[in-house]
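User: I would like to learn how to read the inner spaces and aromatic contacts of a protein model. May we go through one example step by step?

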Amino acid sequence: MSRKNYVFTSESVSEGHPDKLCDQISDAVLDALLTEEEQARVACETFATSGMVVIGGEIGLKDKDRLTAMMGRIPEIARNVIRDIGYEQEKFHWNTCHVMNFLHQQSAHIAQGVDKDGAGDQGIMFGYAVDETPELMPAPIQYAHAILRRLAQARHAGAEPTLGPDAKSQLSVRYEDGKPVGVTQIVVSHQHHDETQTSEDIRAIVEPYVREVLPDGWLTDETVWHVNPTGIFVIGGPDGDAGLTGRKIIVDTYGGAAAHGGGAFSGKDPTKVDRSAAYAARYLAKNVVAAGLAQRCVIQLSYAIGVAAPLSIYADTFGTGQVPDAVIEHALGTVMDLTPRGIREHLNLCRPIYRRTAAYGHFGRAPEADGGFSWERTDLAEALKKAV
């Protein structure tokens, strides 16, 4: 019997967090190559520290002249991301930081399996959905993202000029009878430019935005606030802490409320099932819940390098299913082609839609007109109902 009354905590980090900056650079490189060629191959890693960005990994285009030209554009792509985020610090400035490019052509041994429609690697991927928010996401991570996204909007609009790009949030959410009802503890650590500002000053800035995004009644006199609890937070971003692509996988997914596979997402083209199959698993889990087949659902998919069909499909509805989990498992394989090619085509993943995923979560976002966040659609719900 699962617990009904408890407190669960999730964290988020802003677009200016060093790891997220690296994720966005890696995905901006991916978008640039997919703009050139839908079948581009990308496995791009980024490292950032004070005054320096290092980019490495492998990329591939069928047109070798385009590939050569793209190599020359990599520093510009990185600088544009840093500028868009807002880093103009003395020791980390978009226009003066060193950008070192060590990308090379994709291994032919990896390419041969992918070109035959197989998976780009072995691995396990998970997708999750739960009916506790309109987005069918766990409440702690969904609202932790929302707080930082709203603060970033205010910063970019010029409404809060003393705030810097680097920030973190954390919510401890109280559940009663299995449903989120309030926040017991809230943490917001936000970079700021004025060294004279205290923790109380920063709380006065951020609190109205926090109250704006959280549901009515969730913040009470009993809620404990921790805003910049260490005091001054002026040195931020890669100047304060090194960043690396793929280090925020729990922030990227479900905030610890569900299992996570072995791989990160950013910097990987959609032939990599680490990314595309994780999106497919979320798509399936969300549609199971949207169809009313369960209140909560986790899906696992597994693959082998060079093999097209998934090795296994697993579903768990945690006792909330309207039909047996085995019936749902069988239905999933009938309503969607879960080969790597089938996933890419069903969700239309071979397009430049990835940099936007690299901050504030890959899930729980609204599907966009150009195909971004296509895995958040619920257009498979009716097919699932019929299949079961």
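User: How many cavities of 30 Å³ or more are there?

Analyst: Please note that this is a predicted model, in which local features need pLDDT of at least 70 and side-chain atom pairs count only at pLDDT 80 or more, while totals for chains, interfaces and linings use all residues. Residues are numbered from 1 along each chain as its sequence is written, and side-chain values use heavy atoms, with hydrogens and water left out. On a 1 Å grid over the protein atoms alone, a cavity is a set of points where a 1.4 Å probe fits but cannot get out, and lining residues have an atom within 4 Å of a point. Points are joined across faces, edges and corners, and a volume is the space filled by probe spheres set on them. By this rule there are two cavities of 30 Å³ or more.

User: Which residues lie nearest the centre of the largest cavity?

Analyst: Of its 13 lining residues, F126, H260, G261, F265 and A278 lie nearest the centre. Strand 7 (123–130) and helix 7 (273–290) each give two or more residues to this lining; helices (H or I, at least four residues) and strands (E, at least two) are DSSP runs numbered from the N terminus. Strand 7 supplies the largest share, three residues. The volume of this cavity is about 70 Å³.

User: What lines the second largest cavity?

Analyst: The second largest cavity holds about 40 Å³ of space, and its lining includes S14, L148, R155, H190 and Y360. Helix 4 and strand 8 each give two or more residues to it, and helix 4 gives the most, with four.

User: How is the lining of the largest pocket made up by class?

Analyst: A pocket is an open set of points with protein on both sides within 12 Å along at least five of seven lines. The largest pocket has a volume of about 490 Å³ and 22 lining residues, with Y6, V130, E132, G178 and R296 nearest its centre. By class, the lining has 10 nonpolar, five polar and seven charged residues; Ala, Val, Leu, Ile, Met, Phe, Trp, Tyr, Cys and Pro count as nonpolar, Asp, Glu, Lys and Arg as charged, and the others, Gly among them, as polar.

User: How many aromatic pairs are there?

Analyst: Rings of Phe, Tyr and Trp (its six-membered ring) pair if their centres lie within 6.5 Å; planes under 30 degrees apart are stacked, over 60 edge-to-face, and the rest tilted. The count comes to 11 aromatic pairs. In one of them, Y6 and Y175 are stacked, at 4.6 Å centre to centre with 10 degrees between the planes. This pair joins strand 1 (residues 6–13) to strand 8 (residues 163–176), with Y6 and Y175 169 residues apart.

User: Why does Y6 count as partly exposed?

Analyst: Buried means under 20% relative accessible area, exposed over 50%, and partly exposed in between (1.4 Å probe, protein chains only). Y6 is partly exposed because its relative accessibility is 24%, whereas Y175, at 4%, is buried.

User: Why is the pair of Y143 and W218 edge-to-face?

Analyst: The pair is edge-to-face because the ring planes stand at 70 degrees, with the centres 5.3 Å apart. Y143 lies in helix 4 (residues 139–156) and W218 in the loop between helix 5 (199–213) and strand 10 (224–227), so the pair ties together parts 75 residues apart in sequence. Both Y143 and W218 are buried.
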